[in-house]
Amino acid sequence: MTNLTVSPEKFDVSTISATVQDYLLLIYVMERDGEPVIGSRLAELLGVTPPTVTNTLKRMTRDGLITMNQDGTHLTSQGWYAARTIMTRHMLMEWMMIRTLPWSKLHDEAHHLEHAISAMTESALMEQLGHPQTCPHGNPLPGCEQAVAAWKPLTEMKPGQQVTIRRIHELAEENAALLEFLEKHQLMPGSTALVSEVLPFNQTITLEVAERPVTLGNAAARYIFVEPQP
């Protein structure tokens, strides 16, 4: 994993195209979580073809944002600085709109606005919002990773456990339909639920939320982080 130390050389991230900024965010999340950066996975998340991903990664290498070699694809120090800046601005935009838009719409809308925020606006919003450590989906702002370290994936829970939903992972935020489903069934940060059934043979988990059953596949449940209650 690339060293998290940000290069002291600060530059205007607005000079980076919106497309490349989207790539930087996903690569940042993957590297932060220790996952390999795989072109096919980026293509799936971004809804583009593998050749498009390959061409974009080559441009990012040329521009000094990533390295690609036998050790894999990694952000450079400049890439880390840019990605952390963009992620922070994205999350601040989500908080700014939380009283205006449905929770499930915040992520997509923030993608339209994060590219236009200046350093001055970022600083002002951070102060006004009280220096939040997480976004409205429970994901950590850059530098605040320890705030979410104790939360566990829902797939690690057992029947009979009472949990509080704390976080919907960034990669799950890319699925707008999933966010709408979670909002509809009140599976959002701060909600409490009872794990009523775990079926390994068909990879599902059923929760009771507000006295109503909600069944999730493990493919989605692994991106939902919870805090078990005593």
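Close-up 1. Aspartate 33 is partly exposed, at 34% relative accessible area. Arginine 32 is buried, at 14%. Buried means under 20% relative accessible area, exposed over 50%, and partly exposed in between (1.4 Å probe, protein chains only). The two side chains meet in a salt bridge, 2.9 Å from N to O. A salt bridge is a side-chain nitrogen of Lys or Arg within 4 Å of a carboxyl oxygen of Asp or Glu. This is a predicted model: local features need pLDDT of at least 70, side-chain atom pairs count only at pLDDT 80 or more, and totals for chains, interfaces and linings use all residues. Residues are numbered from 1 along each chain as its sequence is written, and side-chain values use heavy atoms, with hydrogens and water left out.

**Close-up 2. A salt-bridge network.** Arg32, Asp33, Arg167 and Glu170 are linked by salt bridges into a network. By the salt-bridge rule, the count comes to eight.

**Close-up 3. A pair within helix α2.** Glutamate 44 and arginine 41 form a salt bridge, 3.2 Å from N to O. They sit three residues apart in helix α2 (residues 39-46), so about one helical turn separates them. Helices (H or I, at least four residues) and strands (E, at least two) are DSSP runs, numbered from the N terminus. Glutamate 44 is exposed, at 57% relative accessibility.

**Close-up 4. A pair between two strands.** The side chains of glutamate 227 and arginine 166 meet in a salt bridge, 2.8 Å from N to O. Glutamate 227 lies in strand β8 (residues 224-228) and arginine 166 in strand β4 (residues 162-168), so the pair ties together parts 61 residues apart in sequence. Glutamate 227 is partly exposed, at 30% relative accessible area. Arginine 166 is also partly exposed, at 27%.
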